[in-house]
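We will go from stop to stop, picking a few residues each time.

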Amino acid sequence: MKYTGRIWLVALVVLSGAIFKINALLSMGHIPLSEWLLNAMFIPPAWWCGWQYDKAKYFSRKLAIQEDEMQQLFNSVDAAIYSYNVITKKLMISTKIENVYEYPSKMFEKNIQFWREIAYSEDLHVVQEIEDKIFKGEFVLKEFRIVLPNGDLKWIQKRITPIMDSHG
């Protein structure tokens, strides 16, 4: 962790204290003890604030590196992986979804129910079973067919593990 924030804030306190001391010296002919005490009192809080800034910068960098590693892992698996946050309504889709489903990933991002819409009509009961289990928070492992853009059918195995927080 670098000391950038701490150094800058302490330097700012010392510099502003120096300006007030020069002003006091020029106007009163001496520097009162209160100027020295006030300057000394502001250094520890400035150091602490700078430390908070440095920690935030440090952890922000670490988080960015971890997010990049997670994204690389997410896109390197030879399967379509997606994650949907029901609270934020954010959908994350791996780039492999295009290889598995043979549809552009944008179609899935625009419409969260797109996978249901491309399911083969005779397998809609399986798709409904999958959704029922997901809403119950149960693990799902099912196979069904989808209709590809060229009209062919393709078997898809869907493995879903709902991850719940402490509130369900």
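Contact here means heavy atoms within 4.5 Å. With that in hand, select Asp-123: leaving aside neighbours within four places in sequence, Asp-123 is in contact with Phe-144 and Arg-145. Before moving on, note that this is a predicted model, where local features need pLDDT of at least 70 and side-chain atom pairs count only at pLDDT 80 or more, while totals for chains, interfaces and linings use all residues. Residues are numbered from 1 along each chain as its sequence is written, and side-chain values use heavy atoms, with hydrogens and water left out.

Asp-123 lies in the loop between helix 5 (114–117) and helix 6 (124–136); helices (H or I, at least four residues) and strands (E, at least two) are DSSP runs, numbered from the N terminus. Is Asp-123 buried or exposed? Its relative accessibility is 6%, so Asp-123 counts as buried (under 20% relative accessible area, with exposed over 50% and partly exposed in between; 1.4 Å probe, protein chains only).

Next, select residues 140–147 and 153–160. These are strand 3 and strand 4, which pair in the antiparallel sense over eight bridges (two strands pair if DSSP finds at least two bridges between them). Pick Glu-143 and look across to strand 4, where its bridge partner is Gln-157. The hairpin has five residues between the strands, and there Gly-151 takes a positive phi near 95°.

Stay with Lys-158 and show Trp-115 too: Lys-158 lies over the face of Trp-115, at 4.1 Å from the ring centre. The rule asks for NZ of Lys or CZ of Arg within 6 Å of the ring centre and within 35 degrees of the ring normal.

Now jump to Lys-21, in helix 1 (residues 4–28). Its charged end sits over the ring of Trp-36, 4.8 Å from the centre. Which residues does Lys-21 contact, leaving aside neighbours within four places in sequence? They are Ile-31, Glu-35, Trp-36 and Asn-39. Lys-21 is buried yet has no salt bridge, and the nearest side chain of opposite charge, Glu-35, is 5.0 Å away. A salt bridge needs a side-chain nitrogen of Lys or Arg within 4 Å of a carboxyl oxygen of Asp or Glu; Lys and Arg count as positive and Asp and Glu as negative, with His and the chain ends not counted.

For the last stop, select Tyr-101, Tyr-103, Phe-108 and Phe-114, which ring pairs link into a cluster. Rings of Phe, Tyr and Trp (its six-membered ring) pair if their centres lie within 6.5 Å.

Technical notes:
Rings of Phe, Tyr and Trp (its six-membered ring) pair if their centres lie within 6.5 Å; planes under 30 degrees apart count as stacked, over 60 as edge-to-face and the rest as tilted.
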